[in-house]
Amino acid sequence: MKVLVVDDEKLIRDVIKEYLMLEGYTIKEADNGALALDLVKEEDFDIIIMDIMMPKMDGYSSYREIKKIKDIPCILLSARAEEYDKLIGFDLGIDDYVTKPFSPKELVARIKAITKRKETKEDVYIIDGIKIDNIAHDVYIDGKKIYLTPKEYDLLKYFIDNKNVALTRESLLSNIWGFDFYGDDRTIDTHVKTLRKHLGKYKDYIVTVRAIGYKFVYEDKEKE
């Protein structure tokens, strides 16, 4: 995994680099948006971590130009938490927006979630008798179509994208409901309960992980 870290503050770059290297990622650095654009023209990256306020070229302008030549996932960093700033980023097509100061461990988790979603290109997912048509947003149980709310669908899809990974309630709230959602653990528990009902005999694939959250447990027999 190759990551481009763009920030004019060397300390922040060093912290991000340290944590990403522990995960085995290859890191390239840039201290401004113009240099980031030049690097993208020369090399391919799996994801970009980009500060907004930088000299020579800000993060918005840099990513706008990058999008014209390559489709690379991007997480924007900013000391500004205003909704307007976030909307600008999402309108540009970024994948996530992280407000400074941030937890390096949380940033790594968000990177993993984004890259995992990008790697998942199938139009149809089949887990035993569960079938998800990712284009039509339809779900079938043993060939029979079931009807999920948008959030239930997103939750099921996220579980399957992260199967066999223990997911905290906080991460589920952040990734399904959004980082500014002011709900609590009961929101997750209620949706998991109804989702399990929809899954019928496959409900036990969603396992409660004590003191953490939930995990979708499935072993692909074809890979054994």
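These legends go with several close-up views of a predicted model.

The model is predicted, so local features need pLDDT of at least 70 and side-chain atom pairs count only at pLDDT 80 or more, while totals for chains, interfaces and linings use all residues. Residues are numbered from 1 along each chain as its sequence is written, and side-chain values use heavy atoms, with hydrogens and water left out.

**View 1. Strand β3 is mostly covered.** Helices (H or I, at least four residues) and strands (E, at least two) are DSSP runs, numbered from the N terminus. Here we look at β3, residues 47-51, where five of five residues are buried (buried means under 20% relative accessible area, exposed over 50%, and partly exposed in between, with a 1.4 Å probe and protein chains only). In a regular strand, side chains alternate between the two faces of the sheet. One side of β3 carries Ile47, Ile49 and Asp51, the other has Ile48 and Met50, and all of them are buried.

**View 2. β3 pairs with β1 and with β4.** Two strands pair if DSSP finds at least two bridges between them. β1 (residues 2-6) runs parallel to β3, joined by four bridges, and Val3 sits opposite Ile47. Four bridges also link β3 with β4, again in the parallel sense; have a look at Ile49, whose bridge partner in β4 is Ile75. To get from β3 to β4, the chain goes through helix α3 (residues 59-69), and this β-α-β crossover is right-handed (with the strands pointing away from the viewer, the path from the first strand over the helix to the second runs clockwise).

**View 3. β4, α4 and β5 make a right-handed β-α-β unit.** The strands here are β4 (residues 74-78) and β5 (residues 96-99), which run parallel and share four bridges. Leu76 has Tyr97 in β5 as its bridge partner. The helix of the unit, α4, covers residues 83-92.

**View 4. Arg80 sits in the loop between β4 and α4.** With a relative accessible area of 40%, Arg80 is partly exposed. Leaving out residues up to four places away in sequence, Arg80 touches Asp85, Tyr97 and Thr99 (contact means heavy atoms within 4.5 Å). Lys197 is another story: Arg80 and Lys197 are 117 residues apart in sequence and 41 Å apart in space, C-alpha to C-alpha.

**View 5. Four strands form an open sheet in the order β6-β7-β8-β9.** The pairing in this sheet is antiparallel. At the edges are β6 (124-127) and β9 (144-146), each pairing on one side only. Zoom in on β7 (residues 130-133) and β8 (residues 138-141), and you find four bridges between them, with Ile130 partnered by Ile141 of β8.

**View 6. Helices α6 and α7 pack together.** Two packed helices are described by the angle between their axes and the distance between the axes. For α6 (residues 150-161) and α7 (residues 169-177), the angle is about 120° and the axes are 10 Å apart (axes are lines fitted to C-alpha atoms, for helices over the stretch in contact, and angles run from 0 to 180 degrees between N-to-C directions). α6 and α7 are therefore oblique to each other (under 35 degrees counts as roughly parallel, over 145 as roughly antiparallel, 65 to 115 as roughly perpendicular and the rest as oblique). On the α6 side, the contact is made by Lys151, Asp154, Leu155, Tyr158 and Phe159, and α7 brings in Leu172, Asn175, Ile176 and Trp177.
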